Amino acid sequence: ALAVPMELPEPAIPNPSPNPTPRWIYTDRDDYRWQLFLGVSFERFRSSIYSASAVGTDTSLTYFLNDWLGAEGQVATFFAPQILEHEHIKLVNYGVGPRITWRRPRWEPWFHGIFGGTHALPQTALSGQNGFAIQLGGGADYRLAPRLSLRLELDYVRTRLFNQWQDNGQGDLGLVFHF
């Protein structure tokens with residue numbers, strides 16, 4: 001009798017599992033480390049020299065170090081109607097600081113503290129145009145799409161201009177881009 005060689009079945013090679021989608025930060029949701037906010041801003045500026053209700057723009061950029069702590073940089077500009085002959089109020093507030101966030105799937109409430117400076121026009125005879133600024137407040141972002149949110153923000157703004165402190169309020173509404 002003749003022996004017929006039998007082929008042994010080849011062992012099944014498991015298919016490698018697909019690579020998981022990378023997570024940019026470690027949180028409850030797949031998210032991105034960067035947030036860019038572009039919004040419309042309102043500030044009520046009050047001082048002993050002049051006071052005004054000013055409208056402008058607010059831009060902030062936040063980098064998240066983990067799922068609840070971010071480093072934020074912010075610049076806000078404000079313009080108000082004529083207060084003196086041919087003089088309009090122009091304000092710029094700028095600074096950096098921490099952002100503490102509770103990142104949820106749809107809502108993202110947060111608090112921040114921004115420390116920096118302010119620049120005001122018109123200049124007065126009492127002092128220069130530059131001063132110190134502290135901004136404390138918070139808000140909430142509502143996720144419209146994976147890379148887009150709507151933001152509402154309210155802040156207390158304390159500035160040092162004209163050799164005195166000013167206590168002001170600021171509100172912002174705009175869009176947040178996640179990347």
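Author: The account below begins with the overall layout and then turns to the charged residues, their strands and the nonpolar core.

This is a predicted model, in which local features need pLDDT of at least 70 and side-chain atom pairs count only at pLDDT 80 or more, while totals for chains, interfaces and linings use all residues. Residues are numbered from 1 along each chain as its sequence is written, and side-chain values use heavy atoms, with hydrogens and water left out.

The protein chain has eight strands and zero helices; helices (H or I, at least four residues) and strands (E, at least two) are DSSP runs, numbered from the N terminus. Of the 179 residues in the protein chain, 38% are buried, where buried means under 20% relative accessible area, exposed over 50%, and partly exposed in between (1.4 Å probe, protein chains only). Contact denotes heavy atoms within 4.5 Å. Among contacts in the protein chain with a separation of 6 or more, 56% are between residues 24 or more positions apart.

Side chains of opposite charge can pair when their charged atoms come close. The structure holds four salt bridges, a salt bridge being a side-chain nitrogen of Lys or Arg within 4 Å of a carboxyl oxygen of Asp or Glu. One of them joins Arg99 and Glu72, with an N to O distance of 2.9 Å. This pair links distant parts of the chain, since Arg99 belongs to strand 4 and Glu72 to strand 3, 27 residues apart. Both Arg99 and Glu72 are buried.

Another salt bridge connects Arg103 with Glu108, whose closest N and O atoms are 3.5 Å apart. Arg103 counts as buried because its relative accessibility is 3%, and Glu108 is likewise buried, with a relative accessible area of 2%.

The salt bridge between Arg151 and Asp141 has its closest N and O atoms 2.8 Å apart. Arg151 lies in strand 7 and Asp141 in strand 6, so the pair ties together parts that are ten residues apart in sequence. Both residues of this pair, Arg151 and Asp141, are buried, and the relative accessible area of Arg151 is 1%. Their side chains also make a polar contact of 2.8 Å; a polar contact is a pair of N or O atoms within 3.5 Å, where within protein one must be able to donate a hydrogen and the other to accept it, and residues adjacent in sequence count only if both atoms are side-chain atoms. Leaving out residues up to four places away in sequence, Arg151 touches several others, including Arg99, Trp110, Asp141 and Asp172.

Asp58, in strand 2 (residues 52-64), presents another arrangement. The side chain of Asp58 instead has a polar contact of 2.8 Å with that of Gln74. Beyond four places in sequence, the residues touching Asp58 include Gln74, Glu153, Gln170 and Asp172.

Strand 6 (residues 130-145) runs antiparallel to strand 5 (residues 107-121), and 13 bridges join them; two strands pair if DSSP finds at least two bridges between them. Strand 6 is also joined by 13 bridges to strand 7 (residues 148-161), again antiparallel. Strands 6 and 7 form a hairpin with two residues between them, and Gly138 stands opposite Leu154 in strand 7. Asn130 is exposed, with a relative accessible area of 55%.

Finally, there is the nonpolar side of the interior. A nonpolar core is a set of buried Ala, Val, Leu, Ile, Met, Phe, Trp, Tyr and Cys residues joined through side-chain atoms within 4.5 Å. The largest such core has twelve residues, among them Phe45, Tyr50, Phe78, Leu91 and Leu161. Strand 2, strand 3 (69-84) and strand 4 (87-101) are the elements that give two or more residues to this core, and strand 3 gives the most, with three. Phe45 touches, among others, Tyr50, Leu91, Leu161 and Phe162, not counting residues up to four places away in sequence.
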